[in-house]
Structures are given as structure tokens and as C-alpha cells.
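The following explanation leads the reader through one part of a protein chain, beginning with a pair of helices and then widening the view.

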Amino acid sequence: MQETLKVVAPTSRAHEEPILRVIDVTRHYRLRSGWMPWRKSPVLQAVDGVSLDVYRGETLGIVGESGCGKSTLARLACRLIEPSSGEVVFDGVPLTRLDRRGLRDMRRRLQMVFQDPFSSLNPRMTVFQVVEEPLVVHGLGNKAERERRVGELLERVGFSSAHWRRYPHEFSGGQRQRIVIARALAVNPEVVVCDEPVSALDVSVQAQIINLLKELQKEFGLTYLFITHDLSVVKYLCDRIAAMYLGRVVELGTNEDIVTAPAHPYTQALFAAIPVPDPGARHRDVLLKGSVPSPLDPPAGCRFHTRCPAAQLDGRMQRCSTQAPGVQEVSPGHFSACHFAREIQARRDGLASPA
């Protein structure tokens, strides 16, 4: 079994307790065997042994290709779905052990922004009712206090009182995402889990939402767990980055470590795929061959070896296809689950050093 790669605190936070911990969490789905009940039901390994530590005031980004388990991890972190094993701990309290009432009280402090704002809004409720609903559910304030709170939040995300009585279908995608953000902030949360909040928006609107999230984080002291496949967003927004592949974290580190010196071939390929706006600039392509293996039958050894350029070199495939890689710390706070992580880092450092 592969050693779990943990997202650990940077040096500046070594003595702090994380506000959100995901401890060796797995989520497996047993599928139906169809019309042949004698066959063993296959198991889809959506998330397989992920550990995360998220610290107050930071933004931890989770990146990876579609289908790698990012959105499942986001829902596990909020306990919207139950883990098959492992624990989720919020501010020292295990969410997986709370009853329904205890979990509702804890969710005042832990909110989520979903990928598709339209499907997460009730089409029969006005904007005012949507943002007011969390306050009503948690019994916060009287009618006048709730109206004042909702008005302040809607104004903060760019709406005037003229918009209060409109319905979700009367707004654009970017405006609906602002409504979802205002609803998430209504109960003064400490942590907001953002599940690809800008992936369905135009580029200009994406920039508006990202800037809004940064402003709100500074204004309200928020902590973000930010799920995305847009690497340009994580470069701008996140303090630390973890890369996921087939349900596992394969590399983690600070923004600078991951963006400028990735030590896992998968992370290198992700960042090499970012388009370069200068046609004359040198751009090293790290092309991945083949398609992502099925989470119903992940490869033995290193899960990435079937597409890994490093594994294709002479004498390496046997090791990569049979031995699960251990976790290597290639620099302080920078970890990679690759047999050749230190070799990759040493080669990069050698190329970067003066002749």
C-alpha cells in the first residue's frame, strides 16, 4: 500500500494547530453488478487515502485532471458525503462522529461554494430569500437584523436593493456565483470550501470572482480549501498546492515550490500544459501519453506509471509498475510521491545553477 502523502504545515506555521484536518480519508463506491448477480461488484476508488492539514487564513489549492477525486474530496471535507474510512476534524472536533444536530451547528463555521451556481440555488426563492435562508435555519437574528445582514452581504458582492426580489434565472453565471458566495458568508464561517467556483464562467468574470474571493478573505479572515483544474487560478490565489491523481495526493508544497520547481512528473506535465502568451518564449512541453486509467482498476505500483515520461526510461518501468513510491521531502515542506523525485529536483537545480 502506498504511503500516505500528508499536507504538512509550512515552517512559519509549525507551532499552529490546523483548523481543518482530513486524515487518511477514503471514499469507495461499490457499483452494481447489473444482470449478473453472481459476479463480484466492482469498487470505484474515488478518493484513496488522502490527508490534508489546512491552517487559518491560508488558501490551500487542490489541482488535478477531471476525475481525479477533487470534488469528492471537497464534499468529504464538509461531510456532505460519508467517508468509507478515515476522519475529518474541524477545529479539534471530528465531524465524522457528530450527530445531525451537532453537524448542523458546526456547519455555521464551515461552508461550501459549489461549481455550478444555478443548480445550487432554489429557483423558487428570490435572491434575498436565498441569502437569508442560512440565518433562518440557524436561528440567527430577528427579521430586521436578518434584513440588514442580507443587505450588507448583497451590497458587498455587487448587488443593489433593486436585485433583492429577483430570481436566480434572471442573473448571469457570474452574478449567480456572487449570490452563492454571499449565502456562504451569511453565517460568518471560518472555512469556505470552494469546488471549482469559476470553471463555468467567462475569463473576465473569473477574474472578478477570484478578486472578490481575495478581498473577502482579507476582510473576514477566511480560510479557503480551493478545488480547481485551472492552474493559472491557483498560481494567483493559493498559498500552498496539492496535486491529485487517481484519488491520491502525489505532490504538495508552497505555491513557489510547485509552480517553479515541481518534483513529480505529473505536476510538471500539468504546469507545462499552461498556454504561454508569448509566441517567441521557450516552452518545454511534457506530453502525457495515453488516457487516465479507470479508478475501477487503478494500476499497480505507482498509479501514474502508465503515462509517466520518467518511467519510460530504460530500467525504470519494472520498479514503477510493481513498487508504490514512498514520500520524499525534496526541500523543506515540499513533498513528492515519486521514486525519482530527488533526481528530478537535483537535475532541475543543476540546470538552474550558473555555469
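**Helix α5 and its surroundings**

Helices α5 and α6 run roughly parallel to each other, because the angle between them falls under 35 degrees. In this predicted model, the two pack at about 15 degrees, and their axes lie 10 Å apart. The crossing of α5 and α6 is right-handed. On the α5 side, the contact is formed by Gly174, Gln177, Arg178, Ile181 and Leu185; α6 contributes Val205, Gln208, Ile209, Leu212, Leu213, Leu216 and Phe220. Sorted by class, the residues of this contact comprise eight nonpolar, three polar and one charged.

The axes of α3 and α5 come within 7 Å and cross at roughly 30 degrees. This pair, too, is therefore classed as roughly parallel. The crossing that α3 makes with α5 is right-handed. Here Val127, Val130, Val131 and Pro134 of α3 meet Ile179, Ala182 and Arg183 of α5. The residues of the contact between α3 and α5 divide into six nonpolar and one charged, with no polar residue.

The buried residues are Gly174, Arg176, Gln177, Arg178, Ile179, Val180, Ile181, Ala182, Arg183, Ala184 and Leu185.

The length of α5 can be checked against its residue count. Helix α5 covers residues 173-185, and at 1.5 Å a residue its 13 residues should span 18 Å. The C-alpha atoms at its ends are 19 Å apart, which agrees with that expectation.

Of the 355 residues in the chain, 51% are buried. Among contacts in the chain with a separation of 6 or more, 65% join residues 24 or more positions apart.

Definitions and conventions:
Residues are numbered from 1 along each chain as its sequence is written. This is a predicted model: local features need pLDDT of at least 70, side-chain atom pairs count only at pLDDT 80 or more; totals for chains, interfaces and linings use all residues. Side-chain values use heavy atoms; hydrogens and water are left out. Helices (H or I, at least four residues) and strands (E, at least two) are DSSP runs, numbered from the N terminus. The expected span of a helix is 1.5 Å times one less than its number of residues. Buried means under 20% relative accessible area, exposed over 50%, partly exposed in between (1.4 Å probe, protein chains only). Axes are lines fitted to C-alpha atoms, for helices over the stretch in contact, and angles run from 0 to 180 degrees between N-to-C directions. Angles under 35 degrees count as roughly parallel, over 145 as roughly antiparallel, 65 to 115 as roughly perpendicular and the rest as oblique. A crossing is left-handed if the near helix is turned anticlockwise from the far one by less than a right angle, and right-handed if clockwise. Contact means heavy atoms within 4.5 Å. Ala, Val, Leu, Ile, Met, Phe, Trp, Tyr, Cys and Pro count as nonpolar, Asp, Glu, Lys and Arg as charged, and the others, Gly among them, as polar.
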